[in-house]
Amino acid sequence: MSLTFVSPEPAQDTQDTISNTFFFPDLSLQEYREDMRVDGTVTPERLRKALRTAIAEVNAELFIYRENQQRAGYTSLADVPAEKIDGISHRVTFYKQAVFSWARATLMEKYRDYDATAEGVKKSDALDEAIGEVWRNAHWAINGVQDRTHMTVELI
């Protein structure tokens, strides 16, 4: 029996940045690839689209928060008072994590392979769990931007 190693497509180094709205920080495609360990299987065009969509979704989730901060006189997320870690506002760190996780979850959903074998079903179940964890991370990071707890409880 021979084992063959197939290397994933290497990512192209890029200094591309996606310009965000005036309040939230611009985001780097290269930083996303490094943080989320995404190889070159995801083309730069698809990655830009996923990140633009994630930015729009996260910005929509934070719309009321942004309005409240603007009324308080802050012109950007980095200006909102927050503790800094390594010189970076934790709100900015959480914001990037939210967008990156949102994009990662949508890409994982789109790039999943379909395999009807028993092994394929096991992989699919494991992938479903991983996707759920990435979605959870996105929502926790959105809460982190706003200094909210991770858990929301509603009575039905």
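Tutor: We will go through some helix contacts and then the salt bridges. Keep in mind that this is a predicted model.

Student: OK, at what angle do the axes of α1 and α2 cross?

Tutor: Helix α1 (residues 29–36) and helix α2 (residues 44–61) cross at roughly 90 degrees, and their axes come within 11 Å. Angles of 65 to 115 degrees count as roughly perpendicular, so α1 and α2 are roughly perpendicular to each other.

Student: Which residues meet there?

Tutor: From α1, Leu29, Tyr32 and Arg33; from α2, Pro44, Leu47, Arg48 and Leu51. By class, that contact has five nonpolar, no polar and two charged residues.

Student: And how does α1 pack with α4?

Tutor: The angle with helix α4 (residues 90–110) is about 75 degrees, and the axes are 11 Å apart. That makes α1 roughly perpendicular to α4. The α1 residues in this contact include Glu31 and Tyr32, which meet α4 residues, among them Lys96 and Phe100.

Student: Switching topic: how many salt bridges?

Tutor: The count comes to two. In one, lysine 96 pairs with glutamate 31, and the closest N and O atoms are 3.4 Å apart. Lysine 96 is in helix α4 and glutamate 31 in helix α1, 65 residues apart.

Student: What about aspartate 147?

Tutor: Aspartate 147 forms a salt bridge with arginine 91, with the closest N and O atoms 2.8 Å apart. Aspartate 147 lies in the segment after α5 (118–145) and arginine 91 in helix α4, so the pair ties together parts 56 residues apart in sequence.

Student: Is arginine 91 buried or exposed?

Tutor: Arginine 91 has 8% relative accessibility, so it counts as buried. Aspartate 147, at 49%, counts as partly exposed.

Conventions: Residues are numbered from 1 along each chain as its sequence is written. This is a predicted model: local features need pLDDT of at least 70, side-chain atom pairs count only at pLDDT 80 or more; totals for chains, interfaces and linings use all residues. Side-chain values use heavy atoms; hydrogens and water are left out. Axes are lines fitted to C-alpha atoms, for helices over the stretch in contact, and angles run from 0 to 180 degrees between N-to-C directions. Helices (H or I, at least four residues) and strands (E, at least two) are DSSP runs, numbered from the N terminus. Angles under 35 degrees count as roughly parallel, over 145 as roughly antiparallel, 65 to 115 as roughly perpendicular and the rest as oblique. Contact means heavy atoms within 4.5 Å. Ala, Val, Leu, Ile, Met, Phe, Trp, Tyr, Cys and Pro count as nonpolar, Asp, Glu, Lys and Arg as charged, and the others, Gly among them, as polar. A salt bridge is a side-chain nitrogen of Lys or Arg within 4 Å of a carboxyl oxygen of Asp or Glu. Buried means under 20% relative accessible area, exposed over 50%, partly exposed in between (1.4 Å probe, protein chains only).
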